[in-house]
Amino acid sequence: MGSEEERIAIEKEKVLMVGAGGIGCELLKTLALTGFKHIHLIDMDTIEVSNLNRQFLFRKSHVGQSKAKVAREAVLKFRPGVDIVAHHGNVKNAEFDIDFFKQFSVVLNGLDNLEARRHVNRLCLAAGVPLVESGTTGYLGQVTVHIKGKTECYECQPKPAPKSYPVCTITSTPSKLIHCIVWAKELALAKLFGDKSQVNELDVRPSVLADAKADTNEVGNDADFFELRRGESTWQFAGRVFDRIFGYNIETALQNEDTWKARRRPDPLYLDKILPPEEFTAEENGNGEIENPTVSAMVTLGLKNPQKIWDVQENARVFLETIQLFFKRRSKDIGKLVFDKDDQLAVEFVTAAANLRAHSFGIPMQSLFEAKGMAGNIIHAIATTNACIAGLIVLEALKLLTKRTEQCRMTYCVEHPTRKMLLVPVEPAEPNPHCYVCSETPLVLEVNTVTATMRDVIEKVLKRKLGVDSPVIMQGSSLLYETGDDLEEDMAAHYASLLNKSLASYPTPITTGVVLTVEDYHQDFRCSLHVKHRETFDEEKEPDGMLITGDIASVVNTDDTLQPKIVADEDLSNKVENGHGEDDDDDDDMVMFTPETLAGAKRKLEEEESLPVEKRLKIQQLPAMS
């Protein structure tokens, strides 16, 4: 145990933990064993089977239960004297407001997504409570300390964000397996089993020539093509869908010769060219009536190794079988299915569909194990990294609680030693004077004001890029948009009627030179957007058709393994949502760790090397860990 000052602090002060996943389980255990007496814990998730290999507070019997509540019960069994309050809810809920945060002496994050991290950062700034951030990815990890007015806030530096892909790339010209996986997950799966009211670009729109071919081949282009027809077996339906999306649609795309002048031409795939006639003309073969309680095409077909790459025939069989099983064993899910990485049948469908499309476009296929990782944003965790990071979080919390803020360090856990260290301590940076969050520096919004709508700005910029939950938008003294339960119906209807108007067609046109003020009262957040009209955007580099610039650049992506998302060429970007939602994880506490981050840490170390030895020793006071 440390000093008497530390002992008093940890027994007296209240701390808030956000997240009870891989880091959170380790952190709660470490806090309790260190002697902390008053802990609040927030987590919105329930326990899944895939959590059990690293979130050691949970057991198989806990699957489906609240992470926060089970974690509390598990810790109280070996530390019964600790006052732990578990909140099963989203940290972005209104109940967790600024006043709620003010009751704590420090906030400790073990989150897995950018949106929630931003939200907690803003509440901590508003409440004046120090924040200890963390994250892990495999052998990599980091712990950062954020103190209002003394260190940079969590948003002072750009963070990686989910990669966006234009619809044209996904639907017409994929060049990577991730493009095929996004197509299979967000278009094929959604079209067949998801919400039928949502706009979906799965089916290729035929040209005049293709229309003629469709008539002669009786392919048809009716809106109900992807519905099971009266008197049609599920096997016949599956075969018809197969030929449509992997055969006819590819042939239709090939009609545009200009597209393929500089690209490899894809090969249409038809079922009768892949499987023996007795297979694709058979009725259900009893496969859908199996008694095995596991709803899995792999089980039905005898495919046991998820790390084996299926050949084309095996992918075709899995594709057909998954459709049958959905209709015969999961019919209640049809019309409302959303992809879940823990849904075995959905993962099998996405893997098979993505591989068949990849084969058509000359892209190497992958195993179910790899495809699941890409589709579910799985970055495999290492429990020991989580444990090291949890220990570092507690060390920084102790410094904050005993007012030793000058000793706080940002610590990076690296895979290969840097100066013979795997834990690299760096002195926290000062607040960025150009941060749009803690310094309220104005931003420039480049947008085509003639075509872009206020809905586009809200969804693509305010919510997705700036992390605003409940925006209030003003132009001078004019209120353009607001939300809230207390909003009168006529005003809500008025704002809704303006959402789909182009910016330039607003009653007071929004174009170059106009300044929009954006506020979020829940986050106590405020920023200014200086509008700049721009005619065209690079479809690949700027798929949103908007660009945020200024001293803080717009968030950029650095890794295709981050949860992918389709961004439509026109107005579909708000139709295709991103996976589960905010706390989509496995794993769990994805680090916002980039080469630039580590390079900055190394530069800081090199600067410190030039200092006298006594100053270097003062800078690096991180306790050794083995």
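1. Let me start in the sheet: strands β4 (residues 106-109) and β5 (residues 131-137) pair in the parallel sense over two bridges. Strands count as paired if DSSP finds at least two bridges between them, and the elements themselves are DSSP runs numbered from the N terminus (helices H or I, at least four residues; strands E, at least two). Within this pairing, Leu108 has Val132 of β5 as its bridge partner.

2. Before going on, a word on what we are looking at. This is a predicted model, in which local features need pLDDT of at least 70 and side-chain atom pairs count only at pLDDT 80 or more, while totals for chains, interfaces and linings use all residues. Residues are numbered from 1 along each chain as its sequence is written, and side-chain values use heavy atoms, with hydrogens and water left out.

3. On confidence: pLDDT is the predictor's confidence in each residue, from 0 to 100. The protein chain has a mean of 82, with 80% of its residues at 70 or more. Please treat two stretches with care: pLDDT stays under 50 over residues 207-221, where the model has 18 contacts beyond four places in sequence, and also over residues 611-626, with 24 such contacts. Contact here means heavy atoms within 4.5 Å.

4. Back to the sheet, which is open and mixed, with eight strands in the order β3-β2-β1-β4-β5-β6-β8-β9. The edges are β3 (83-88) and β9 (421-426); each has a single partner strand, so one side of each lacks a neighbour in the sheet. On average, neighbouring strands are turned by 20° against each other, direction ignored.

5. Helix α2 (residues 22-34) lies across β1 (14-18), β2 (38-43), β3, β4 and β5, and runs at about 160° to β1. For such angles, axes are lines fitted to C-alpha atoms, for helices over the stretch in contact, and values run from 0 to 180 degrees between N-to-C directions.

6. Helix α7 (residues 177-193) deserves a look. Of its 17 residues, 15 are buried, so the rest of the structure largely encloses α7; buried means under 20% relative accessible area, exposed over 50%, and partly exposed in between (1.4 Å probe, protein chains only). The helix bends by about 35° at Ala184, the angle between axes fitted to the seven residues ending there and the seven starting there.

7. Finally, Val531 sits in strand β14 (residues 525-533) and is buried, at 4% relative accessible area. Beyond its neighbours within four places in sequence, the contacts of Val531 include Leu445, Val447, Thr449 and Ile510. Thr449 is 82 residues away in sequence, yet the C-alpha atoms of Thr449 and Val531 are 8.6 Å apart.
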